[in-house]
Protein chains: 4
Amino acid sequence: MNLLKLKKEVYKANIKLYLSGLVTSTFGNVSGIDREKSLVAIKPSGVAYKKLTYKDIVLVDLEGNKVEGKLNPSSDTKTHLELYKNFSGIGGVAHTHSIYATAWAQAKKAIPCLGTTHADFFYGEIPCTRVISDRCIIEDYELETGKLIVDAFKSVDYHYMKAVLIACHGPFCWGENAEESVKISIALEEIAKIALYSIIINPQLGNIKKSLLEKHYLRKHGKDAYYGQEKSNK
Amino acid sequence: MNLLKLKKEVYKANIKLYLSGLVTSTFGNVSGIDREKSLVAIKPSGVAYKKLTYKDIVLVDLEGNKVEGKLNPSSDTKTHLELYKNFSGIGGVAHTHSIYATAWAQAKKAIPCLGTTHADFFYGEIPCTRVISDRCIIEDYELETGKLIVDAFKSVDYHYMKAVLIACHGPFCWGENAEESVKISIALEEIAKIALYSIIINPQLGNIKKSLLEKHYLRKHGKDAYYGQEKSNK
Amino acid sequence: MNLLKLKKEVYKANIKLYLSGLVTSTFGNVSGIDREKSLVAIKPSGVAYKKLTYKDIVLVDLEGNKVEGKLNPSSDTKTHLELYKNFSGIGGVAHTHSIYATAWAQAKKAIPCLGTTHADFFYGEIPCTRVISDRCIIEDYELETGKLIVDAFKSVDYHYMKAVLIACHGPFCWGENAEESVKISIALEEIAKIALYSIIINPQLGNIKKSLLEKHYLRKHGKDAYYGQEKSNK
Amino acid sequence: MNLLKLKKEVYKANIKLYLSGLVTSTFGNVSGIDREKSLVAIKPSGVAYKKLTYKDIVLVDLEGNKVEGKLNPSSDTKTHLELYKNFSGIGGVAHTHSIYATAWAQAKKAIPCLGTTHADFFYGEIPCTRVISDRCIIEDYELETGKLIVDAFKSVDYHYMKAVLIACHGPFCWGENAEESVKISIALEEIAKIALYSIIINPQLGNIKKSLLEKHYLRKHGKDAYYGQEKSNK
């Protein structure tokens, strides 16, 4: 892929995130990868969305070395890179501190799958990582945050679960490109909100049964999907 | 009724639903029926509201066969059809995953009638269906969802209760036409929200007494209604 | 006061209520009184705010007889009139089903005075009426609702407490004119919201102490007020 | 600093506060100080934000004497002055009754540091003052409110904790200038909201561990900060 095109896509995805209302101040960052060139385009650190242009998007290699751009990349860059390295099928990553998903992350609780809205997007409960250890915080915080995520996915397939909660922190989402990672972030916030209200009404709730989860997830995703206008949806 | 007129009405109702803020992404769908021709106009599946035009509205017969339109009808079409077949007096159906109504549906609880705002629109608590069985999920999910609703209305009159919660899923609403089904969806979300906050303040609450329910429902509906500008309101 | 001027004031206050976001659909109504002529201007029943013009405002006498206007007055007119008759110092009344105030009303709980935001507007907790009796519902519902309010103010001074919650229903607010009754409605919703969140954080909370209540209420109201730009504020 | 420039800055910060949605009605006030001249620019009392111009900003000396301006300064002026006198490094102060921060203040609870969003802005839990004594209310309420804040910071460094909750009242925030005090007010409301939802999900939560707090606070603040585009961030 053309790197200019990638930068523009990542720029657009960051703006979409901003317009979605999921981020305040300079929080949040979206990246995208060119798998052939092994280069990642990412939002610069601490730049206000209103002032962001596609020219500000920084290019880094998978070791985090800046390849193009005047500004420093997001301080969370190493977490993004760790995801690209370990989840070889993804093309974009988004990080936010969106209110409701962050509340679940701060509560150190996975978001249970309480209904079909959730199942339409995510195959099961949204995992929450362990709390990061003191050693990891001191040694290489952002890299270790990425490792925590990867660790939480040992028995979870990142193709079917495109979101995670970092305990005491907030969500990371991913997808086939930067745009999808933002779309997943928006869906995550929605289901985090509904789940919160659901457990207020009925604190005894658990995950919906597997048959219902599978039905909804698979009618939208996979080879037998029949939602939407294409024969075979992703 | 002219089928073009029906398609335009259904289009408008879908847009009204979108502008109401009750749906995100491509969720939600509104339909309307021509009772004489036994044809249903419904939103196409997975099409973004922003891109929707009245020409995209799909016409199907009561067996679900497409009669007109290039796109696939909503994946929830069979649920709509089941409602039209069983509730012969209705002309429109709306389905959303609106936050608060969905929270009650996920909590698997009927929304109690806690006040006159509720009673102004709905004659009693909003029923919540049983959780759908594994067999029904596998055999014909959307049809069986419709049957679940009909089952929940064995002892409830659909003329006076124009909404239902599907357990673990979300609400369906109906009315004399597509527009009214959207209006009911908006009212349902409002009373779902107030009910949630009410039970936080006072978890012991039950339904208001029947005399108050009847007074409010009947001053707005039925032959002795005196709300509004007409002698006899619906 | 000129009756045309009164109608325009009441029209403006209704529109302000609508723009405040406190009402949905055709809910809510604001009235104002001409004390010399003993005539009340009030919103017509069930008319959409978007279509409302000042010419639609209905004039009624204190017995509820229509004196001017083509449309039916609000179905809550008798409640307004009962307030004007008993609270001789008020010039305007507003009724809403605003979310948070209605949640407290549905919970059948007075809103405790938990902080200075509350004390800046209301001298003590916002009273909640008894639940209306079956007899009163049947005989003359809207009139009896007014009597319930008056009854709740036997030991409360309506000059210092310009709002009430009708149990299982919602709030009524008043003031020196229609505009103030809307301003009070907005303040009520704000403090109802903060109070709800406060008791979630700390369910043990009670009213703030009297010295703090008096300080805040009196620095904004009464002859020794020193908030704002006038020597003596209302 | 030029006093006209200060007034314009304080005006802009007040408008920013208004546009942020943190204040309703005439609530809230922002001030800024010229340390060389020992003069404070502050919002006039009870003036609607929509009508405010920079010419309305009032200048007072540190004893509260008006030096310039036609209008009365904010009724909270003495609280602002007490902060300027005791926190010699600050240049701006903002006061709001923002919903979520005020809910914590009314609950008389410090906001625990439950996650990294909080730690990015505030070094530890947001302190809540004692409830003001009857004597202090009567003698010099606004001055004593300032003293309460200073008292709560005996063992807290105001450089690293730029916000406080006044029990039964609401928050005060500060920063190097008026603009930063508003920015902190917005961040405070955000973390107050997330904290509320977090404790609903998990009522057992306590502060995050010190290593994580330090990591996040120090990567944005202090001499070794690496967030953003400057070598050494504030």
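**Exercises on the contact of chains C and D**

A rotation of 90° with 0.0 Å of shift along its axis brings chain C onto chain D, with an RMSD of 0.0 Å; the superposition is by least squares on the C-alpha atoms of residues with pLDDT of at least 70 in both copies. The model is predicted: local features need pLDDT of at least 70, and side-chain atom pairs count only at pLDDT 80 or more, whereas totals for chains, interfaces and linings use all residues. Residues are numbered from 1 along each chain as its sequence is written, chains are lettered from A in the order in which they are written, and side-chain values use heavy atoms, without hydrogens and water.

**Exercise 1.** Describe the extent of the contact between chain C and chain D.

Solution. Count the residues with heavy atoms within 4.5 Å: chain C gives 28 and chain D gives 35. Then take the buried area (accessible area, 1.4 Å probe, lost on putting the two parts together, summed over both). The value is about 2800 Å², with 59% from carbon and sulfur atoms.

**Exercise 2.** Find the salt bridges between chain C and chain D.

Solution. Search for a side-chain nitrogen of Lys or Arg within 4 Å of a carboxyl oxygen of Asp or Glu. The count is three. In a salt bridge between C:Arg219 and D:Asp76, the N to O distance is 3.2 Å.
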